[in-house]
Amino acid sequence: LAGAALAQTAEAKSKATGSVSGRVTIGDKPAPGIVIAVGGANQSNITAQATSDADGRYRIGGLAAGQIVITPAAPLYVLPTSPITGTGKALTLSAGEAVDGIDFKLTRGGVITGRIVDADGRPLIEERINLIPVEENGAATRQSFPRYNYQMYLTDDRGVYRLYGVPAGRYKV
């Protein structure tokens with residue numbers, strides 16, 4: 001059995017020959033030092049990553065064929081073309097395929113901050129905050145807000161919360 005498992009692992013590694021590359025910019029300027037992560041179609045696990053260079057370029061090699069999502073991990077920034085759920089770009093990669101031009105143009109996200117207190121004015125500590133995107137009429141949407149930092153969704157010892165990297169839009173807190 002152990003030999004069979006090793007054979008499968010070696011075979012899987014030999015098929016991991018695909019690559020993706022592109023450029024990351026903030027406005028019209030290169031964005032160096034941005035981590036670009038590759039995960040499965042459900043974005044539940046990171047399988048590879050790279051950091052953009054001084055010109056904002058990145059390349060991630062050794063990728064297995066299949067559906068992947070390429071995502072910039074930049075909590076202060078958002079993708080203006082897909083403000084709520086589209087934090088990355090999905091594609092189906094073939095064995096040995098090299099995909100270029102997976103570019104990300106980032107903009108600075110907004111900040112929502114506030115303080116939560118009880119009826120006596122005492123701060124509520126470690127109170128969970130929810131950020132819900134809403135339509136113009138105030139109705140909640142089915143879209144979810146990406147959570148890079150779960151800690152920012154809790155109030156601190158003063159009852160203060162600060163949500164950053166928020167895409168432009170309407171929200172209920």
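Predicted model: local features only at pLDDT ≥ 70, side-chain atom pairs only at ≥ 80, totals over all residues.
Across the chain the pLDDT averages 83, and 80% of the residues reach a score of at least 70. Residues 1-14, by contrast, have a pLDDT below 50, and this stretch makes zero contacts in the model beyond near neighbours in sequence.

Four strands form an open sheet in the order β4-β3-β6-β8, and their pairing is antiparallel. Strands β4 and β8 are the edge strands, each of them pairing on one side only, and the twist from one strand to the next averages 25°. The antiparallel pairing of β6 with β8 extends over five bridges; within it, V69 has A90 of β8 as its bridge partner.

Strand β3, which spans residues 35-40, contains V35. With a relative accessible area of 26%, V35 is partly exposed, because it falls between the limits of 20% for buried and 50% for exposed residues. When residues up to four places away in sequence are set aside, the contacts of V35 comprise Q49, A50 and T51 together with T71, P72 and A73. The C-alpha atom of V35 is separated by 8.9 Å from that of Y58, a residue 23 places away along the chain.

Y58 itself belongs to the largest nonpolar core, a set of 21 residues in which V20, Y58, I60, I70 and F104 have the most contacts inside the core. At least two residues of this core are supplied by each of the strands β1 (18-26), β3, β4 (46-51), β5 (57-63), β6 (66-73), β8 (89-93) and β10 (104-108), and β5 gives the most, with three residues.

Side chains of opposite charge can pair when their charged atoms come close, and a search of the whole structure finds six salt bridges. One of these joins R23 to D55, with the closest N and O atoms 3.2 Å apart. Since R23 is located in strand β1 and D55 in the loop between β4 and β5, this pair ties together parts that are 32 residues apart in sequence. R23 is partly exposed, at a relative accessible area of 22%, and D55 likewise counts as partly exposed, at 33% relative accessibility.

A salt bridge between R158 and D156 brings the closest N and O atoms to 2.6 Å apart. R158 counts as partly exposed at 49% relative accessibility, as does D156 at 22%. Through salt bridges that share partners, R23, D55 and R57 are joined into one network. A further salt bridge is formed by D120 and R122, for which the closest N and O atoms are 3.4 Å apart; here D120 is exposed, with a relative accessible area of 59%, whereas R122 counts as partly exposed at 49% relative accessibility.

Definitions and conventions: Residues numbered from 1 in each chain as written. Heavy atoms only, no water. Buried < 20%, exposed > 50% of the residue type's maximum accessible area, 1.4 Å probe, protein only. Contact = heavy atoms within 4.5 Å. Core = buried A, V, L, I, M, F, W, Y, C linked by side-chain atoms within 4.5 Å. pLDDT = per-residue confidence, 0-100. Salt bridge = Lys/Arg side-chain N within 4 Å of Asp/Glu carboxyl O. Pairing = 2+ DSSP bridges. Axes fitted to C-alpha atoms, helices over the stretch in contact; angles between N-to-C directions.
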